[in-house]
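Let's take a walk through this structure together. Have the sequence and the 3D view handy as you read.

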Amino acid sequence: MVDYHGRFVWHELLTTDTAAAKSFYADVVGWGAQDASTPALAYTLFSAGTAPVGGLMDLPDEATKMGARPRWVGYVSVSDADAVADRIKRLGGAVYVPPTNTNIGRIAIVADPQSAPLALVEGLKLATSAPAEPGRAGQASWSELLAANCEKAFAFYGALFGWQRANAETEPAEPYQLFSCGGQMIGGMLAKPAAIPDPFWVQYFTVGDVDAAVARVEAGGGQIFFGPQELPDGNCIVRCTDPQGAVFALERTRSPDAVRRAAAWEVGWSSEWGGFSSRGRLVTKPGS
């Protein structure tokens, strides 16, 4: 049996309008939606084909009163949620919801010492209790942390999940640190812009055509705040918000025609984000 400890295996959207979110993501990413509610909780499964890939639920009223906004939360697989939650507290993080048995497994909602929220899951009950197959449309493909301090963040996650450093871009001054788990590259970390008040995770989802997805995001009431930007490895990324304000990102290898069309876009985050796009790639204005 493959050990998925330390890998993101589930993604959940907490939002203020679940009906609108179902319609938006069905159009943008192509997900199906299946009711998986219990008497105590209204819950929807997002699926790519027949495979569940994430969940959808209402943002709790108490969270809204405390200032929480719609967001995607990534779940990291662990073998013992109680032990990992205790270790998070010892390492300086926070446990917002202690380990609890739910419809998807034993979960905990936590935050790292810099307040970036994420979740733990032990014994994910759903069919896709494994990381997504890279490049498969509709799947989660990458996780990116905007940290207040990348070195401290990496020390925390390395101690907690055993993540290892991979190659990092070192120019300009703010590096993009790639990390792996069990030999597989799963994400990156970079310093957040000063204008963003709190650290957070961005989750990436795969689509068949980034340019077409951009049009669907905008037609559905979402916003594009970075990209599309092609990367040297042939992939392309775009960062977005949905109509309720939840941040997410899309990626896919682009056709040669689409890459040429990218020359018409201005790169909006190159200076604010230390000159980096996703996955440690330098961002420059097209044609520079």
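Predicted model: local features only at pLDDT ≥ 70, side-chain atom pairs only at ≥ 80, totals over all residues.

A quick word before the helices: two packed helices are described by the angle between their axes and the distance between the axes. With that in hand, find helix H1, residues 18–28, and helix H5, residues 210–219. Their axes sit 9 Å apart, and the helices pack at an angle of about 160°. Angles over 145 degrees count as roughly antiparallel, so H1 is roughly antiparallel to H5. The crossing of these two, H1 and H5, is right-handed. Who does the touching? On the H1 side you'll find Phe-24, Asp-27 and Val-28, and on the H5 side Ala-213, Arg-216 and Val-217. Sorted by class, this contact between H1 and H5 has four nonpolar residues, two charged ones and no polar ones.

Now hop over to the other pair. Helix H3 covers residues 81–90 and helix H4 covers residues 150–161; their axes come within 10 Å and cross at roughly 150°. That angle makes H3 roughly antiparallel to H4. Here, too, the crossing of H3 and H4 is right-handed. H3 brings Val-84, Arg-87 and Ile-88 to the contact, while H4 brings Phe-156, Ala-159, Leu-160 and Phe-161. Six residues of this H3 and H4 contact are nonpolar and one is charged, with no polar ones.

Last stop: the largest pocket, which holds about 1500 Å³ of space. Its lining counts 41 residues, and those closest to the pocket's centre are Leu-59, Ala-68, Arg-69, Arg-71 and Pro-117. Several elements each supply at least two residues of the lining, among them strand S1 (8–15), helix H2 (61–65), strand S5 (71–77) and strand S13 (200–206).

Notes: Residues numbered from 1 in each chain as written. Heavy atoms only, no water. Axes fitted to C-alpha atoms, helices over the stretch in contact; angles between N-to-C directions. Helix = DSSP H or I, 4+ residues; strand = E, 2+ residues; numbered from the N terminus. Parallel < 35°, antiparallel > 145°, perpendicular 65-115°, else oblique. Left-handed = near helix turned anticlockwise from the far one by under 90°. Contact = heavy atoms within 4.5 Å. Nonpolar A, V, L, I, M, F, W, Y, C, P; charged D, E, K, R; others polar. 1 Å grid on protein atoms, 1.4 Å probe; cavity = no way out; pocket = protein on both sides within 12 Å on 5 of 7 lines; lining within 4 Å. Points joined across faces, edges and corners; volume = space filled by probe spheres on them.
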